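Biologist: Let's go through the aromatic contacts in this one. Can you put the model up?

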Amino acid sequence: MKPHHDEPFRLQTPEFAELNRKLDRRDFLMRTASGLGAVALGGLLGNWALGAAPRQQELEAIRQRVAPKAKRIVYLFMAGGPSQLETFDYKPQLQNMLGKGLPDSVRKGQRLTGMSANQAILPVAPSLYKFGQHGRNQTWVSELLPYTAKVIDELCLIKSLYTEQINHDPAITFFQTGHQLPGRPSIGAWVSYGLGSENQNLPAFIVLVSKDAAKDQPLYARLWGNGFLPSEYQGVQFRSGKDPVLFLNNPEGYEGTDRKEMLDYLTQLNKLQNESWGDPEVNARMAQYEMAFRMQTSVPEVMDTSHEPDEVFELYGPESRDKGTYAANCLLARKLLEKDVRFVQLYHQGWDHHGSLPKGMDKQCKQIDRATAGLIVDLKRRGLLEDTLVVWGGEFGRTVYSQGKLTANDYGRDHHPRCFTMWMAGAGVKAGFSYGQTDDFSYNIVKDPVHVHDFQATLLHLMGVDHEQLTYKYQGRRFRLTDVEGKVVKAILA
């Protein structure tokens, strides 16, 4: 007798009745997935979870034959798009073009945002600020960045970055995940997944967001999320205030022993769930619980800067005593790097200057200049800069023309993805070096363009990782941070 067409096909003999009950398609896949998944998961979790051995074979596949130059990264992300014209891309010839329209031969019909596309004229706005030459190579630096100018010999300027995205959210997402649409793993999550942690009591990827910055553009946790990678690779945000990490402290009435006992029982329940369902996220969750328990003792110590000498606070600036400020986060970043945290990312908002740019740039640069330079100096004198990569920059640049009303002392600038400046310092990059060149209007790249994927490939290369080999299979396709593009910018490598 044939089975009803709505029922799954099963062998209809008594001998196989019990087997059929236990091994229908769903049970079969779950049970076999549990065994195979446990083996694979042991590799994915590294030595964090359940005493699993490190992913040696996978690491060998993605690491390059040359030793990594950088052991750790601190990425200072300036959200909103700092103007290259007021920082590092000096264009003195523009002083004679105040108010004149941007030539069509320069614009070349390129896309504009809806905020300035309907302007009758795109008037050139020269920078209001003076530039000076600094360092052994006489590099031009704006007067807005006097402290950065003092460490210019440590920096590798890249003046020819360009991106495909012209609006903030897709542009930031593109920089942080390699794709303009949400859902991909962040750059820090990729590094954490590929290289793991060197400190078992702190996450491999930690995020700090300035409390003192203007909130002109929102930041979403997905920018430091794990995407489709296992969840233990997502960035952990540290906050100023009573609870640096949310939900880390014990509930009221719980002592350390009670808490550990509760987590042990919770682990047993999770193991039972994993044996039943074969879900890798169950093991990931257990790894996170164990990490959280270890962090209860490690986080208070690393967050405490009260024992730092006065000269350290002087180096970073007086705001470094105020927890949660950009300056305080730079000091905290140094402490985290000392603890061998693999990837530390600082977000500082407030760079979106569509109007009143001179006032806005002055405020922003004062907030970040001294502390950024202080971080460079502090890392170098502690011997950390030689194996730490420091990165500074935003998601795009700003237009040479003014958005809205232009006066001799005031102007705004729209988004400009065609060219902008970032810098790197430290492990593996040429110090006191400038790469790339823009035209006389800082509108187009005329030499050595660097795409966002090239930047990402270079960053991974400095960590000793082949960006083409660092992949993760998801929904039938192997994904990587650089998608199907990206090349290492070898000319900036030391």
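**Aromatic contacts**

Modeller: Tyr75 is buried, at a relative accessible area of 0% (buried is under 20%, with a 1.4 Å probe and protein chains only). This is a predicted model: local features need pLDDT of at least 70, side-chain atom pairs count only at pLDDT 80 or more, and totals for chains, interfaces and linings use all residues. Residues are numbered from 1 along each chain as its sequence is written, and side-chain values use heavy atoms, with hydrogens and water left out.

Biologist: How many aromatic pairs are there in the whole structure?

Modeller: The search finds 22. Rings of Phe, Tyr and Trp (its six-membered ring) pair if their centres lie within 6.5 Å. Tyr75 and Phe77 have ring centres 5.8 Å apart and planes at 70 degrees, so they are edge-to-face (over 60 degrees).

Biologist: And Phe77, buried or exposed?

Modeller: Phe77 is buried, with a relative accessible area of 0%. Its ring also pairs with Phe175: the centres are 6.4 Å apart and the planes at 65 degrees, so that pair is edge-to-face.

Biologist: Where do Phe77 and Phe175 sit in the chain?

Modeller: Phe77 is in strand β1 (residues 72-78) and Phe175 in helix α6 (residues 168-177), 98 residues apart. Helices (H or I, at least four residues) and strands (E, at least two) are DSSP runs, numbered from the N terminus.

Biologist: Which residues do ring pairs link into a cluster?

Modeller: Tyr75, Phe77, Phe175, Trp224, Tyr347, Phe420 and Phe455.

Biologist: Different topic. Which charged end sits over the ring of Phe433?

Modeller: That of Lys430, 4.8 Å from the ring centre. The criterion is NZ of Lys or CZ of Arg within 6 Å of the ring centre and within 35 degrees of the ring normal. Arg477 lies over the face of Phe479, at 4.3 Å from the ring centre.

Note on methods: Rings of Phe, Tyr and Trp (its six-membered ring) pair if their centres lie within 6.5 Å; planes under 30 degrees apart count as stacked, over 60 as edge-to-face and the rest as tilted. Buried means under 20% relative accessible area, exposed over 50%, partly exposed in between (1.4 Å probe, protein chains only).
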